[in-house]
Amino acid sequence: MKNLVQKAKSISVKLPKIKISYKNSVSHDFGDVNVKKSGSGEDFWDFEKYNVGDSIKKIDWKKSSKQGELFIKNNESENANNIWFYVSKSGSMNYKNSKNVETKLERATLIGLIFLDVLLKSGEKVGIIGSELGLKKGHKNYIAMASELIKKNKSQDNRIRKNDTVFFISDFLENTEKIKTKLFGLSQTKFNGFLIQILDSSEINFPFEGRNRFFDPISGLHKLFNKSENMKITYKKKFKEHQEKLKVLCSKFGWKFVSNTTNESYESIIEKLYRIF
């Protein structure tokens, strides 16, 4: 852990503070925020169209009768933008095709540690999915939270609230329907997502030739090819289709998607993320 934290801090110390400003794309799946007005005292209300699964107790009958359709209301405290981190530790994340590069898990963990450090220094309230620590604020909590990010592998957390932001770092090589199910299983509410895909360059370029045995850590299946190069066109076509499905999934729900390979510099992924914050 010590080496990972030291490497992450050697990068994050050079980075400016950031504030996450997240605006959902208009989507019928998430509902649209329509009106924000003050109520009595210090309460402020945010209204959105009722969706199946929303609590009936939250329906604002007065506004609903005026608009001719159902609306629910959430007070300002429910709309606080907390930030959560999850780093996938699935078997496929341990892959690397060259001894000269790090594993996908090492890269994913370091990216998580870098932005955890930056966000805590920026005054954001941050949590690790599955950690008992809960949400923390202030750089003094960095080491404890870094330890949790490195160790924890739970992918569900019912503390994630509406409008919270989740950094989900993985290779996202599963079937996109499974990915969708997993992401929505994070919590019982709607959240903003940053999906950071970490890949080994060989998973994009398929540089293999001759006799090779391939192992799928997700399914556990082995496959032997005598002329691997014959599979290159088919593989790259399937990979491109998978990437397009991921982008469509993110676009549909207003999530941000970036990818990075383990042979790229950390500056490249940092630049991409700062550009979309």
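Strand pairing and burial

Modeller: Let's start at Thr165, whose bridge partner in E8 is Asn192. This is a predicted model, where local features need pLDDT of at least 70, side-chain atom pairs count only at pLDDT 80 or more, and totals for chains, interfaces and linings use all residues. Residues are numbered from 1 along each chain as its sequence is written, and side-chain values use heavy atoms, with hydrogens and water left out.

Colleague: How do E7 and E8 pair, and over how many bridges?
Modeller: In the parallel sense, over six bridges. Strands (E, at least two residues) and helices (H or I, at least four) are DSSP runs, numbered from the N terminus, and two strands pair if DSSP finds at least two bridges between them.

Colleague: And E4 with E7? How many bridges there?
Modeller: Five, again in the parallel sense. Tyr86 stands opposite Phe168 in E7.

Colleague: What's the strand order in the open sheet?
Modeller: E6-E5-E4-E7-E8-E11, six strands with mixed pairing. E6 (136-137) and E11 (256-261) stand at the edges with a single partner strand each, so one side of each has no neighbour in the sheet.

Colleague: Back to E7: how many of its residues are buried?
Modeller: Six of the six in 165-170, so E7 is largely enclosed by the rest of the structure. Buried means under 20% relative accessible area, with a 1.4 Å probe and protein chains only. Thr165, Phe167 and Ile169 cover one side, and Val166, Phe168 and Ser170 the other.

Colleague: New topic: is Asp117 buried or exposed?
Modeller: Buried, with a relative accessible area of 1%. Asp117 is found in helix H3 (residues 104-121).

Definitions and conventions. Buried means under 20% relative accessible area, exposed over 50%, partly exposed in between (1.4 Å probe, protein chains only).
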